[in-house]
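Dear colleague,

I am passing on the structure we spoke about, and below it you will find my notes on what turned up. Please read them alongside the coordinates.

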Amino acid sequence: MVKVVPPVDNAKVPLTKPVEGVGGKTGLWRTMYKPVVDSSKCTKCFLCEIYCPGVCIVVDPVKGATINYDYCKGCGLCTDVCPVKAISMVPEE
Amino acid sequence: MSAPQTQRPLPPLPAKARGIVLPGDTSCPGCPIPIAFKVLASVFGDKMILVIPACCTSVILGTYPGQSLKAGVIHVPFASAAAVASGVAAALKMRGIEDVQVIAWAGDGGTADIGMATLSGAAERNEDIIYIMYDNEAYMNTGIQRSSATPQGAWTTTTPVLGKLEPKKDVAKIMIAHGVPYVATASIAYPHDFYQKLMKAKSIKGFRFIHLHAPCPPGWRFDPMYTVRIARLAVETGLWILYEYHNGKLMLSPPSQPYLDPSKRKPIEEYLKLQGRFRKITPELIKAIQQHVESNWEWIKKMMS
Ligand code: SF4
Ligand code: SF4
Ligand code: SF4
């Protein structure tokens, strides 16, 4: 086993820290449409959460899928992967 | 109905990735990389150190002082991912840290072209790392230049007229030839299959290689909503074959098993026509791709027997 030198004062080391929104509120990237979940159709299968490239869907086993519009980039992929078509793209207000 | 559901534990994919892969990265809409990261995080949690050479991922994770991943990340020069990962794994071992996985995470350019020498070296030394090549089939963040993993017939900014004329370099085969303990192919369209493969890789010591197919909307010229659909079509047409190679044996993975039978495969045109990069492809090149697919399946059959 090697002797480990204790880390120097973190404040002086240029280490990045994990943060939400490192690229800003990416929800601003959406231009015309946003995805909306029809919770009466949602079967809580988790697929949209697994696939969402914006990492902004959370599926609750009771309430179903919820989209965080602060970060949703509006790619529309969730509408394509949902097996029961519970998500659709609607014009932004 | 809802009561028993609340008591059932949540599936690790995606629940274990929550809070580890964070929203707000700068990847393009429809990018395959965050999809893959959620699978990685579902397997390793924050107990992983990613060694990342120049590629889209170096950009999309964000700039100092923040990053969109709650795990260790080391950004390294283009050719060095496998070498640095080897060193990090050795350092962890010296310090007696056993629960953290070192993963080299590199694109096709950083693997099939520029990183090939260090990759081959690390494989030959059987370094205790997992190497994942996420393959978006060109140099995307520098402006869609061809790599050796770009498929035949594809337009790129450096193959602008006829498309690329040479077939795709098969890096997984090259890794099998190194005799490493574990080689697998995966696809972002089959996250559960990818999950199983990472779990298997996690249980094995030594050099492990996973070649991950990752369609890129701006580079392949398709609507960002189709990233998963296109990745799935690559498997359903037989173009991308999912398998594992372990202990000298090749096993076809469940999503690819039906396509051993050529009549079950969808026509490759279905895959090509959704992508603008194949818009000007000639019938001759389509035939050449078809032949390439056939010979890949012949090779699979030979390896399975
Ligand atoms: S539109 Fe795209 S980013 Fe927004 S929730 Fe759907 S999959 Fe996620
Ligand atoms: S994919 Fe569709 S059905 Fe499944 S959890 Fe998401 S919204 Fe619900
Ligand atoms: S260019 Fe492609 S791989 Fe790179 S960030 Fe954009 S979608 Fe992702």
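**Aromatic pairs in chain B**

B:Phe37 and B:Trp105 are both buried, where buried stands for under 20% relative accessible area, exposed for over 50%, and partly exposed for what lies in between (1.4 Å probe, protein chains only). This is a predicted model, in which local features need pLDDT of at least 70 and side-chain atom pairs count only at pLDDT 80 or more, while totals for chains, interfaces and linings use all residues. Residues are numbered from 1 along each chain as its sequence is written, chains are lettered from A and ligands numbered from 1 in the order in which they are written, and side-chain values use heavy atoms, with hydrogens and water left out.

Over all chains, the search of the whole structure gives 7 aromatic pairs. One of them joins B:Phe37 and B:Trp105 in a tilted arrangement, at 4.8 Å centre to centre and with 50 degrees between the planes. The criterion is that rings of Phe, Tyr and Trp (its six-membered ring) pair if their centres lie within 6.5 Å, with planes under 30 degrees apart counted as stacked, over 60 as edge-to-face and the rest as tilted. Because B:Phe37 lies in helix H3 (residues 32–44) of chain B and B:Trp105 in strand S4 (residues 101–106) of chain B, the pair ties together parts that are 68 residues apart in sequence. Helices (H or I, at least four residues) and strands (E, at least two) are DSSP runs, numbered from the N terminus. Together with B:Tyr134, B:Phe37 and B:Trp105 form one aromatic cluster.

The rings of B:Phe78 and B:Tyr139 have their planes at 75 degrees and their centres 6.2 Å apart, so this pair is edge-to-face. B:Phe78 is partly exposed, with a relative accessible area of 26%, whereas B:Tyr139 is buried, at 16%.

Elsewhere in chain B, B:Tyr195 sits in helix H9 (residues 191–202) and is buried, with a relative accessible area of 13%. Its C-alpha atom is separated by 26 Å from that of B:Ser305, 110 residues apart along the chain.

**Surface of chain B**

B:Val161, B:Leu162 and B:Leu165 make a nonpolar surface patch of about 330 Å². Patches are made of residues with over 30% relative accessible area and no salt bridge, like charges being joined within 9 Å and nonpolar side chains (Val, Leu, Ile, Met, Phe, Trp, Tyr) within 5 Å; a salt bridge is a side-chain nitrogen of Lys or Arg within 4 Å of a carboxyl oxygen of Asp or Glu. B:Val161 is placed in the loop between strand S5 (130–135) and helix H8 (171–177) of chain B, and is exposed, with a relative accessible area of 65%.

**Chain A and the ligands**

Chain A has 2 helices and 5 strands, running β-β-α-β-β-α-β from the N terminus on, and 39% of its 93 residues count as buried.

Around ligand 1 there are 13 residues, of which A:Cys52, A:Cys72, A:Cys75, A:Gly76 and A:Cys78 come nearest (a residue is near if one of its heavy atoms lies within 4 Å). The residues around ligand 2 include A:Cys42, A:Cys45, A:Cys48 and A:Cys82, and by class that shell has 10 nonpolar, 1 polar and 1 charged residues. Here Ala, Val, Leu, Ile, Met, Phe, Trp, Tyr, Cys and Pro count as nonpolar, Asp, Glu, Lys and Arg as charged, and the others, Gly among them, as polar. Ligand 3 is surrounded by residues of chain B, among them B:Cys28, B:Cys31, B:Cys56 and B:Cys216.

Key. Areas by Shrake-Rupley, 256 points an atom, 1.4 Å probe, with all protein chains shown as cover.
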